[in-house]
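Here are my notes on this one, written as numbered points. Have the sequence and the model open while you read.

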Amino acid sequence: MAEAELISGFDALLADLDGVVYAGPHAIPGAVESLKRLAEIGVGLGYVTNNASRTPAEVALHLRELGAPAEEQQVVSSPQAAAELLVSLLPAGARVLITGGDALAREIEIAGLVPVRSEADDPVAVVQGFHPDLGWKDLAEASYVVAAGAVWVATNTDLTIPQARGMAPGNGTLVAAVTAATGREPLVAGKPEAPLFHAAAKRLAAERPLVVGDRLDTDILGGTNAGFATVAVLTGVDTRETILAARTRERPTFLINDLTDLYRPYPTVEHDGDGQFRCGAATAEVLGDTVRVSGAPADLDSWRAACAAWWAANPETETARPPGLEWLNH
């Protein structure tokens, strides 16, 4: 009897976009085909994104242009979450300064609030989301309003965005600029908070969703906060080394190379009771602050075994803690 594929244990996939489906304008190899196969096996698909620069309809159109299956209702965005958060804090018709693009302004308007672009419009709140055209004047305008005591909501605080040429500054970097100018911290609406994931699962009527992402601090932590299983892919921000060092709540349930691995059996990690963990042909054990691995560094099973060993030895950590690595037999 053939071993079950990893995805077979779940009824929906909640996928991040940047670093999972695409990097910059191009699809990540194997991603589109993997997403298309979900419908064939009856697994739902939702996209959970912190990107505030485009509307869900625009995101869905971009995905379809890449060949991926996507309808507007499958996209759950941090601007939607930010708008819902502001509605819970402000009276209907309240003026909100938009530090972001038209997509963010549209969600604020849909929620029954009034988007404005200047301190002179007397806003009582600021909502900040990423847009590539944001400049110093926009951040200054936000700083004036935030410093005066307005409610401040950030769609997300991702420090970086994967692009085709490498990592570029994300919304968190721009939020940090306003924090530096005002001494204040925003409320955060999107990942890693749980509501974004719960909303996506609800739309799909999913009971056993799997969250897939490339970032520990947003995707994996957010899935954990929502109570869902998580899988980290190595096509974006985080690496084998940073995943091994992850703090407890940012440790993924599964570790795969890319989305094509969803359709392969996931190897069992076994513990022999004497501190040694085995995954496939690889073994790992912890000696002090070092993980000794018998296996090839290029073999993901080596890292799965290393993670199991290191995490078992350090079950509760509030900060990332990278071990030393000793490689045997490679």
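**Notes on the predicted model**

1. Start with the largest nonpolar core, which has 32 residues; L13, L35, Y47, L63 and L262 touch the most other members. A nonpolar core here is a set of buried Ala, Val, Leu, Ile, Met, Phe, Trp, Tyr and Cys residues joined through side-chain atoms within 4.5 Å. Buried means under 20% relative accessible area, exposed over 50%, and partly exposed in between (1.4 Å probe, protein chains only). At least two residues of this core come from each of β1 (12–15), α1 (31–40), β4 (44–49), α2 (56–66), β13 (209–213), β14 (229–233) and β15 (254–256). The biggest giver is α1, with four residues. Helices (H or I, at least four residues) and strands (E, at least two) are DSSP runs, numbered from the N terminus.

2. A word on ground rules: this is a predicted model, so local features need pLDDT of at least 70 and side-chain atom pairs count only at pLDDT 80 or more, while totals for chains, interfaces and linings use all residues. Residues are numbered from 1 along each chain as its sequence is written, and side-chain values use heavy atoms, with hydrogens and water left out.

3. Which residues does Y47 contact, leaving aside its neighbours within four places in sequence? They are A15, L17, V21, L35, L63, A68, P69, A70, Q74, V75 and V76, where contact means heavy atoms within 4.5 Å.

4. Now look at strand β6 (residues 95–99), where four of the five residues are buried. Strand β6 pairs in the parallel sense with β7 (residues 114–116) over three bridges; two strands pair if DSSP finds at least two bridges between them. R95 has V114 as its bridge partner in β7. From β6 the chain crosses through helix α4 (residues 102–110) to β7, a right-handed β-α-β crossover: with the strands pointing away from the viewer, the path from the first strand over the helix to the second runs clockwise. Strand β6 also runs parallel to β8 (residues 125–128), joined by four bridges, and V96 stands opposite A125 there.

5. Is P132 buried or exposed? P132 is exposed, at a relative accessible area of 57%, and sits in the loop between β8 and α5 (136–147). The C-alpha atoms of P132 and P169 are separated by 9.6 Å, though the two are 37 residues apart along the chain.

6. Helix α8 (residues 216–226) is largely enclosed by the rest of the structure, because eight of its 11 residues are buried. The cover over those buried residues includes α7 (195–203), β13, β14 and α9 (240–244). Just after α8, G227 takes a positive phi of about 85 degrees. T230, in strand β14, is buried at a relative accessible area of 1%; its contacts beyond four places in sequence include I220, G223 and F254.

7. Last, the open sheet: five strands in the order β16-β17-β18-β19-β20, with mixed pairing. The edge strands, each pairing on one side only, are β16 (269–271) and β20 (324–328). Strands β18 (residues 282–287) and β19 (residues 290–294) run antiparallel, joined by five bridges, and E285 has R292 as its bridge partner in β19.
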